[in-house]
Amino acid sequence: MKKLLTVIGTVLLIAISGTAFGEVVIREVALEWEDISNLDGKELYGKLCVSCHGVGGYGNGPAAPLLEKPVPNLTALYIRNGGEFSHSAVERMIYGQSRQPTHGSIDMPAWGLQIMEVKSAGSARLREAYARDRIHTLVDYIETIQANNR
């Protein structure tokens with residue numbers, strides 16, 4: 001049975017590296033809030049999304065074959081939504097507030113809650129604002145990779 005690493009309490013990223021024989025090695029790497037506090041959207045995408053969604057966002061990342069469900073093509077969100085990119089819907093999905101059948105399992109972490117968890121300083125309200133800001137920045141980048149979006 002294929003499955004992605006379960007994320008509980010701490011954010012675990014999948015670090016992908018090649019071996020001398022061309023095999024992909026997947027290992028857990030703890031995410032610290034300082035790691036993402038000053039990153040732009042493309043850099044956040046590289047930290048949080050690339051292992052499953054792939055560099056180009058097509059759903060072909062190195063960890064995608066390990067999942068039971070196909071990984072969505074993020075470049076087609078605009079097309080699938082009738083020619084509109086719903087920034088708020090994508091933010092809710094990434095944050096973990098809106099789970100659709102393709103993300104109904106632990107296959108995709110609820111990044112908002114995970115980002116709040118790793119930023120231990122400040123009140124819950126400040127940590128939530130921080131998580132929402134980071135996710136907003138990430139979604140701004142995802143909007144730029146949409147196919148036929150203008």
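**Helix packing and nonpolar cores in the predicted model**

Helix 2 and helix 7 pack with their axes 8 Å apart, at an angle of about 100°. Because angles of 65 to 115 degrees count as roughly perpendicular, helix 2 and helix 7 are described as roughly perpendicular to each other. The residues that meet in this packing are Gly41, Lys42, Leu44, Tyr45 and Leu48 on the side of helix 2, and Arg134, Thr137, Leu138, Tyr141 and Ile142 on the side of helix 7. Leu138 in particular touches Gly41, Leu44, Tyr45, Leu48, Cys49 and Ile94, when residues up to four places away in sequence are not counted. These values, like those that follow, were computed from a predicted model.

The protein chain as a whole contains 7 helices and 2 strands, and along the sequence these elements follow the pattern β-β-α-α-α-α-α-α-α. Of its 150 residues, 43% count as buried. The accessible surface of the protein chain comes to about 8,400 Å², and carbon and sulfur atoms hold 54% of that area. Among the contacts in the protein chain with a separation of 6 or more, 49% are accounted for by residues 24 or more positions apart.

The largest nonpolar core is made up of 26 residues, and those with the most contacts inside it are Tyr45, Phe85, Ile94, Ile115, Leu138 and Ile142. Two or more residues are given to this core by each of helix 2 (41-48), helix 4 (77-80), helix 5 (87-95), helix 6 (111-118) and helix 7 (124-144). The largest share, 7 residues, comes from helix 7. Apart from this core lies another, of 5 residues, which includes Cys52, Ala63, Ala64 and Val71.

A further packing arrangement involves helix 6 and helix 7, the axes of which come within 8 Å and cross at roughly 125°. That angle makes helix 6 oblique to helix 7, and the crossing in which helix 6 passes helix 7 is right-handed. Helix 6 contributes Trp111, Gly112, Ile115, Met116 and Glu117 to the contact, while helix 7 contributes Ala124, Arg127, Glu128, Tyr130, Ala131, Arg134 and Ile135. Helix 6 is largely enclosed by the rest of the structure, because 6 of its 8 residues are buried. The buried residues of helix 6 are Trp111, Gly112, Gln114, Ile115, Met116 and Val118.

With its neighbours within four places in sequence left aside, Gly112 is in contact with Ile94, Tyr95, Ala131 and Ile135. The C-alpha atom of Gly112 is separated by 9.7 Å from that of Ala129, a residue 17 residues apart from Gly112 along the chain.

Buried positions also occur in a loop, as is the case for Pro72, which lies between helix 3 (50-53) and helix 4 and counts as buried at 16% relative accessibility. Pro72 and Gly59 are 13 residues apart along the chain, and their C-alpha atoms are separated by 5.2 Å.

Key. Residues numbered from 1 in each chain as written. Predicted model: local features only at pLDDT ≥ 70, side-chain atom pairs only at ≥ 80, totals over all residues. Heavy atoms only, no water. Helix = DSSP H or I, 4+ residues; strand = E, 2+ residues; numbered from the N terminus. Buried < 20%, exposed > 50% of the residue type's maximum accessible area, 1.4 Å probe, protein only. Contact = heavy atoms within 4.5 Å. Areas by Shrake-Rupley, 256 points an atom, 1.4 Å probe, with all protein chains shown as cover. Core = buried A, V, L, I, M, F, W, Y, C linked by side-chain atoms within 4.5 Å. Axes fitted to C-alpha atoms, helices over the stretch in contact; angles between N-to-C directions. Parallel < 35°, antiparallel > 145°, perpendicular 65-115°, else oblique. Left-handed = near helix turned anticlockwise from the far one by under 90°.
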